[in-house]
Amino acid sequence: MKRTFLGEFEELVLLTVAVLEEEAYGVSVAQELEKKTGRSVGFSTVHTTLQRLEEKGYLSSQMGGATAERGGRRKRFFAVTTFGRKALREAKQVREELWNALSPNALQLMGN
Amino acid sequence: MGPRTSAPDPQPPKWAGRLLTFLGDPETAEELAGDLLEMYAYWLETGSKARANRRYIWNALKLIRPFSRRKRANPYPNPHSLTPAMIQNHFTIAFRNLFKSKGHSLINISGLAVGMSCAILIFLAVRHETSYDLHQSHIDRIYRVETENIKENQTYPGTYTGMANALRTDMPEAETVAPLLKIGGSTMAVGEHRFRESYVYADAGIFKTFDYQWISGSPADALTQPNTIVLTRRYAEKYFGTTDATGKNIRLDNKQDLTVAGVVEDYPATSSFPFDMIVSFPTLKNVNPDYDQNRWNGWNDNFQVFVLLKKGTRPEQLIGRFAGVVKKYMGKEALDHKRFKLAHLSTIHYSGNLGGRSANVSLLKTLSLIGALVLLIACFNFINLSTAQAFKRAKEVGIRKAIGSNRQSLVYQFLTEAGLITLLAAAGALILSVLALPSLAAALAIPLTASDLFTAETALFSVILLIVTTLLAGVYPALRLSGMAPIWALKNNVAVQAGQWFSMRQGLVVVQFTVSLVLISCAMLINRQLDFFRHADLGFNQSAIITVGLPDNKPEKLQALRDNVLRSPQVKDASYSFNSASAESNWMQSMEYRQRPEVVQVKTQMKMGDAHFLDTYGIRLLAGEPLKDSDTTHSKILVNEIFLGRIGITQPAQAVGERIYYGDGDQFATITGVVKNFNVNSLHQKIDPTVIQVVPDNYFQLGVKLQSERPTAASVQTALSHIEKAWTAAFPDQVFEYSFLDETLAQAYQSETRTARLIEVATFFAVLIACMGLFGLATFTAEQRTKEIGVRKVLGASVGSIIGLLSKDFLKLVVIAFLIASPIAWYAMDVWLEHFEFKIRIAWWMFPAAGILMTAIAMLTVGFQSVRAARLDPVRSLRSE
């Protein structure tokens with residue numbers, strides 16, 4: 001099976017798309033990311049990442065209907081594919097396993 | 001989180017958005033533009049406008065394609081017709097077609113090669129003629145002082161000898177003044193080496209006005225001293241074998257030694273000042289003490305004055321100055337009839353100048369027109385042959401269109417074919433040009449060499465010519481062929497549209513034949529006029545006369561020389577005179593007849609000759625008595641019939657004894673005889689009223705009439721060596737030069753002879769190319785109608801009727817061309833003949849003659865194919881179906 005490495009930012013973007021469900025498109029993903037992470041996210045970076053994720057098969061996209069705002073231009077909505085969900089789960093699983101393997105002491109040392 | 005709605009008033013920088021539309025990935029362009037707009041609104045809310053703008057631009061730039069690569073391969077690529085693969089394919093197909101129809105390709109390539117070669121050669125000639133003196137670094141400020149005779153409304157390039165000094169004292173605007181006096185022929189000698197040379201007198205002004213590069217000597221003091229000379233490199237080598245000639249001596253006319261003051265670099269071919277020997281003006285006092293350098297009555301075109309105006313002075317500002325000069329030196333009354341003008345240096349190549357070469361503008365124009373026409377005829381061949389063959393390409397075009405080729409791509413393909421043929425033609429044109437250049441240079445008397453052909457300018461012109469020719473020849477066929485409907489093209493039905501194209505082809509063929517016919521008619525007429533020049537009755541006998549110049553005319557020397565010359569059995573008579581019975585340069589004088597109530601003024605040509613003048617030149621005396629050598633007191637003259645007509649005397653006998661006054665003075669001469677009119681000028685001009693008188697001081701040539709009217713080469717040789725011996729005995733240390741009168745006179749028609757030769761060559765090529773095209777068309781028609789001819793033959797048509805059938809169409813075109821061409825040729829020749837006072841009549845039969853000639857040529861061309869088609873065995877032509 002094709003196993004593609006999911007980068008940290010890619011994982012965040014993929015997750016955000018999953019969170020936004022039906023409303024995931026470039027702008028909403030970028031703004032949501034900024035809000036949630038509190039760091040300034042370049043829109044172009046988000047756009048390229050979305051494109052790349054689609055190319056890798058984690059995301060699928062389709063054009064929405066015509067809009068009244070933004071000069072009547074349509075939006076490209078993204079949705080997580082099965083393959084994408086699997087990748088997310090795998091990433092989560094890896095992290096959980098690692099967290100679980102962590103001794104309580106070590107956890108305390110790391111602070112709250 | 002939902003999307004933000006409605007953008008606030010401020011708008012993002014438009015250019016960034018536009019940039020993204022152009023350079024961004026077209027697939028995501030729409031959503032990106034929208035997304036960015038929304039983000040902009042968001043950035044405006046969260047920060048300043050400047051920051052929002054910055055972020056907008058930055059993000060837009062980062063999304064431009066080189067930075068954000070295209071994500072997916074396009075499943076439906078946009079076909080582009082000029083991909084390398086397609087271009088390669090165009091060339092492959094073009095080459096295949098070239099070889100498939102070799103005959104047509106050959107016709108096209110050779111025709112276009114001749115046409116382009118004409119264009120290139122004419123470009124060279126025009127370029128040469130228009131680049132005279134442009135190399136002079138002060139060209140924008142150099143002018144020639146010209147003299148205008150207001151009453152005659154004529155401007156002369158020469159001026160009064162006093163002009164040089166007048167300009168120096170009365171015209172502060174002149175930075176330098178360069179007077180030049182050209183001397184026709186003198187003997188220059190170094191030791192025993194003698195040469196007959198022409199040279200100029202000049203002062204140091206010539207070196208300050210014009211560009212000279214010094215090999216030895218210096219411009220500052222050269223030509224300031226008497227008896228000094230400056231040579232070009234070529235001449236220093238000719239006389240001394242070295243350029244290091246400064247300080248050496250050259251002897252002028254065996255009476256004055258000239259010291260070489262310097263040697264300058266050779267002048268370029270495009271110089272109006274091709275002087276190899278420049279002698280200082282002060283020398284003139286020693287050589288010709290009578291020459292008045294401050295003369296204000298009468299001038300000569302051999303003396304010309306050039307000025308270099310100070311920076312910022314315009315010639316119009318100097319009108320007043322020149323009026324002042326006229327008033328000061330010639331008197332107030334001269335203002336009405338004399339005026340001086342400044343002619344810019346760049347214009348003097350188009351009128352008389354001291355260099356002796358001037359551009360024949362009308363010949364160049366005619367030549368350019370003919371060149372363009374020949375090229376056009378060749379292009380028409382291409383158009384005709386391509387469109388005629390359209391049916392052969394129909395399948396190809398149909399298939400190409402059916403599998404998705406667009407029209408543009410087909411146009412490119414056909415243009416590639418035209419371009420390929422033109423390119424091959426251009427290569428041929430280059431070879432032709434190299435071969436033809438020497439003969440063209442000789443025919444036009446333009447000093448052009450092969451090195452002129454291989455310059456950047458010629459290359460650029462050739463490239464432009466290549467492109468223009470390709471488009472001229474290729475665009476129409478490309479548009480026609482690519483415009484075929486695929487269904488029609490694929491159906492095997494060719495005859496339908498052929499009819500429509502035929503008219504266009506007919507038109508082009510008619511144009512070709514019209515041009516050919518006009519050229520043939522003109523060539524015929526020009527040759528008849530030249531023939532007329534050669535055989536016209538001039539009123540005197542020009543054959544078997546040898547003329548020799550006289551360096552000196554002391555009476556005792558002349559008497560001895562004549563006696564000596566007449567001793568030869570080959571010599572019939574000999575006469576001393578000012579010039580020949582007909583000559584290029586003449587002496588005009590105003591004469592008055594006062595026997596009428598009103599004084600009659602006659603502008604008269606003066607012929608000065610001895611008692612043998614009439615006999616030597618075969619001029620007939622109508623009344624009175626001939627002159628005697630003793631009639632030197634200016635009192636006896638002979639006049640011609642025209643002169644009589646001007647003074648109102650009808651009977652020659654009545655004129656004898658009448659008094660004719662020289663100008664408005666008291667001196668007069670008596671008419672002792674009347675001669676029959678003879679052409680004192682070339683046949684371009686009317687016969688002037690003429691007076692013959694005996695003036696030994698003005699004898700400058702010896703005319704020797706031989707015994708035989710048509711002497712053999714051997715007897716001419718004997719006579720010449722005898723004359724040379726006698727002449728050298730009379731004038732030792734001089735160079736003997738002779739010429740034949742009929743040859744000298746023929747030079748007056750050189751320009752017409754040149755025009756005739758060029759038009760003949762052009763006619764030949766125009767007819768040749770047109771016929772090649774016709775041949776191609778005839779081949780095509782015969783091929784196309786093979787079946788028809790077969791059927792006709794089976795049904796009993798004779799070979800003759802089939803030849804008639806095939807030739808009829810082409811004959812019709814020749815007839816139409818004839819109807820158009822004749823009036824054009826008539827008009828053109830009428831304009832041309834205006835130049836001549838003595839000319840042939842344009843006879844009506846010349847045009848049908850040209851027409852019949854053209855028809856015969858066309859019939860021969862078409863006939864070959866027709867006969868072949870008519871004689872084809874019908875079994876063979878009908879079998880294939």
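UniProt places the feature "domain: Transcription regulator PadR N-terminal" (unreviewed entry) at residues 19–90 of chain A. Such positions follow the numbering used here, feature names are shortened, and annotations may be inferred rather than shown by experiment. The model is predicted: local features need pLDDT of at least 70, side-chain atom pairs count only at pLDDT 80 or more, and totals for chains, interfaces and linings use all residues. Residues are numbered from 1 along each chain as its sequence is written, while chains are lettered from A and ligands numbered from 1 in the order in which they are written.

**Exercise 1. Chain A**

Task: describe the secondary structure of chain A, and find why it is said to be more spread out than a compact globule.

Solution. 
- Step 1. Count the elements. Chain A has 5 helices and 2 strands. These are DSSP runs, numbered from the N terminus: helices are H or I with at least four residues, strands are E with at least two.
- Step 2. Read along the sequence. The pattern is α-α-α-β-β-α-α.
- Step 3. Check the spread. The radius of gyration of chain A is 17 Å, well over the 13 Å from the globule rule for 112 residues, so the chain is more spread out than a compact globule. The radius is taken over C-alpha atoms, and the rule is 2.2 Å times the number of residues to the power 0.38.
- Step 4. The C-alpha trace of chain A spans about 55 × 35 × 20 Å along its principal axes.
- Step 5. Return to the annotated stretch. Residues 19–90 of chain A are 51% helix and 14% strand, with end C-alpha atoms 17 Å apart.

**Exercise 2. The strand pair of chain A**

Solution. 
- Step 1. Find the pairing. Strands pair if DSSP finds at least two bridges between them.
- Step 2. Pick one bridge. A:L59 has A:V80 as its partner in β2(A).
- Step 3. Buried means 20 or more other C-beta atoms within 10 Å of the residue's own, exposed means 12 or fewer, and partly exposed lies in between; C-beta atoms are placed from the backbone.
- Step 4. Of the 112 residues of chain A, 30% count as buried.

**Exercise 3. Where the chains meet**

Task: which helices of chain B supply at least two residues each to the side that touches chain A?

Solution. 
- Step 1. Count both sides. The contact takes 20 residues from chain B and 22 residues from chain A. Residues are in contact if their C-beta atoms, placed from the backbone, lie within 7 Å.
- Step 2. Name the helices. They are α2 (29–46) and α3 (49–62) of chain B.
- Step 3. α2(B) gives the most, with 10 residues.
- Step 4. Sort the chain B side. It divides into 8 nonpolar, 6 polar and 6 charged residues. Nonpolar covers Ala, Val, Leu, Ile, Met, Phe, Trp, Tyr, Cys and Pro; charged covers Asp, Glu, Lys and Arg; the others, Gly among them, are polar.

**Exercise 4. A sheet in chain B**

Task: give the strand order of the open sheet of 4 strands in chain B, then place the helices that pack on it.

Solution. 
- Step 1. Order the strands. The sheet runs β13-β21-β12-β22 (chain B), with antiparallel pairing.
- Step 2. Find the edges. β13 (571–577) and β22 (738–740) of chain B each pair on one side only.
- Step 3. Note the twist. It averages 25° from one strand to the next. Axes are lines fitted to C-alpha atoms, for helices over the stretch in contact, and angles run from 0 to 180 degrees between N-to-C directions.
- Step 4. Look inside. β12 (residues 545–549) and β21 (residues 701–706) of chain B share 5 bridges. B:I545 stands opposite B:K705 in β21(B).
- Step 5. Helix α22 (residues 713–730) of chain B touches β12, β13, β21 and β22 of chain B, at about 25° to β12(B). Helix α18 (residues 555–566) of chain B lies across β13 and β21 of chain B, at about 160° to β13(B).

**Exercise 5. One residue**

Task: is B:F382 buried or exposed?

Solution. 
- Step 1. Locate the residue. B:F382 lies in helix α11 (residues 361–388) of chain B.
- Step 2. Count around it. B:F382 has 30 other C-beta atoms within 10 Å, so it is buried.
- Step 3. List its contacts. Leaving aside neighbours within four places in sequence, B:F382 is in contact with B:N108, B:L112, B:A418 and B:A473.

Key: Two residues are in contact if their C-beta atoms, placed from the backbone, lie within 7 Å.
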